[in-house]
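Below are some short notes on one strand and its surroundings. Please read them alongside the model.

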Amino acid sequence: MSFPLSPNATIGIVGGGQLGRMSAMAAARLGYPCHILTQDKDDPAVQVAHSVTLGDYEDSTTLRRFASAVDVVTFEFENVSAEGLDLLASLRPVRPAPEILRISQNRIAEKTFLHAAGAPTAPWRAVRSLDELHKAAEELGLPAILKTARLGYDGKGQRLLRDASELAAAFEELSPKPLILEGFVDFACEISVIVARGADGNMAAFDTVQNRHRDHILDLTLAPAPIAEAIAEAAQILARKVAAALDLVGLLAVEMFVASDGKVLVNEIAPRPHNSGHWTIDACPASQFELHIRAVAGLPLLPATRHSDAVMKNLIGPDEVALWPEILATPGLIPHLYGKAEARPGRKMGHVTRLFPRGALPGDFGIADALGVLTEPPKDVETLVSHSEVFG
Ligand code: AMP
């Protein structure tokens, strides 16, 4: 297969969730049918794709069948095994490369890589035994966060340790998986940058955004981040540096903390479209999904320009999705629903975007007002951004 992919070439996407769905919709606009590898024919991505291979991500027969149906492979789902992607890479080009997935799947490999790339992170130690946990806690100090090295997301597989008496129970709960202890970052806010990179090394990065979580799950993204220009720019530089060090071909989300002293630290990276980039569908001429597909297909990358400011609000679980009729009836709320049949608590069901003229992103009360029916009972601004939001 040669690049750029010719129109009508088939893009294979591993994973059937909303990220695959919105990637397939962007691909369709560029003339590429998508073929999804997933386990459930009703998955969000399958509903908008051309075709599907149903089966297990680890099964080599399934992987071979999928590869034979596509011209290039990408993924929207990080819990596929890197070995599975290796097998796919022996049959078809895989973008981003399996090695990049391998790094992002393991917090220890990820932090080691970031350190080598010159990207600062929270201080950390690998933890393989309770003894090592005690030693790490002494070295890093408490509070600190114990995390499973693999397969954690949205705060799952994490324990905040405030006191040495909590170490044994937390270790017991999370082991025998490989663990990592991270020093607690007293952050002022969380931000992210999404950067696309082509095979020729060209990059396009969307503006730095601010992310606010509720119950460990992304709730709001503010674009651009209402932070000092120098901090937003430092985040841009870091994201580009990491993408280049990875020799990325595709899309990378870099999640960062702004520490209370203004320093920017990388929290984690994801080599795929990211929830904090959903606003780009409505506020940019070319969204994160379009740039993802462009990078994967070898098309020219456009500058990641933003024509509007935006707030993205996730619709999480049964309570928020129950507001769908009111959302549809509210002028200015741009609705996105992912087609999931069942609204379980904590499940991302859709999102809405609200646009503002460039430079006119309002403050917290203006945002609350603009989100109308989706606004929670008022909280003071302090609580909206503090750690207690995340850790209760
Ligand atoms: P993660 O799964 O690593 O993205 O962590 C989920 C959330 O926990 C982050 O978005 C932060 O709000 C919080 N968190 C994770 N690691 C740290 C840390 N080292 N210091 C402070 N807060 C953290």
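Is Phe187 buried or exposed?

1. Phe187 counts as buried, because its relative accessibility is 12% (buried is under 20% relative accessible area, exposed over 50%, partly exposed in between, with a 1.4 Å probe and protein chains only). This is a predicted model: local features need pLDDT of at least 70, side-chain atom pairs count only at pLDDT 80 or more, and totals for chains, interfaces and linings use all residues. Residues are numbered from 1 along each chain as its sequence is written, and side-chain values use heavy atoms, leaving out hydrogens and water.

2. The count of aromatic pairs comes to 3 (rings of Phe, Tyr and Trp, the last by its six-membered ring, with centres within 6.5 Å; planes under 30 degrees apart are stacked, over 60 edge-to-face, the rest tilted). Phe187 and Phe257 form a stacked pair, with 5.1 Å centre to centre and 5° between the planes. Phe187 is in strand 9 and Phe257 in strand 13, 70 residues apart (strands are DSSP runs of E, at least two residues, numbered from the N terminus). Phe257 is buried too, at 9%.

3. Strand 9 (residues 187–197) has 10 of its 11 residues buried, so the rest of the structure largely encloses it.

4. Strand 9 runs antiparallel to strand 13 (residues 250–259), joined by 10 bridges (pairing needs at least two DSSP bridges). Cys189 has Val258 as its bridge partner in strand 13.

5. Strand 9 also pairs antiparallel with strand 11 (residues 209–214) over 3 bridges, where Glu190 stands opposite Asn211. Another 3 bridges join strand 9 to the antiparallel strand 10 (residues 203–205), with Val195 opposite Ala205.

Definitions and conventions:
Helix = DSSP H or I, 4+ residues; strand = E, 2+ residues; numbered from the N terminus.
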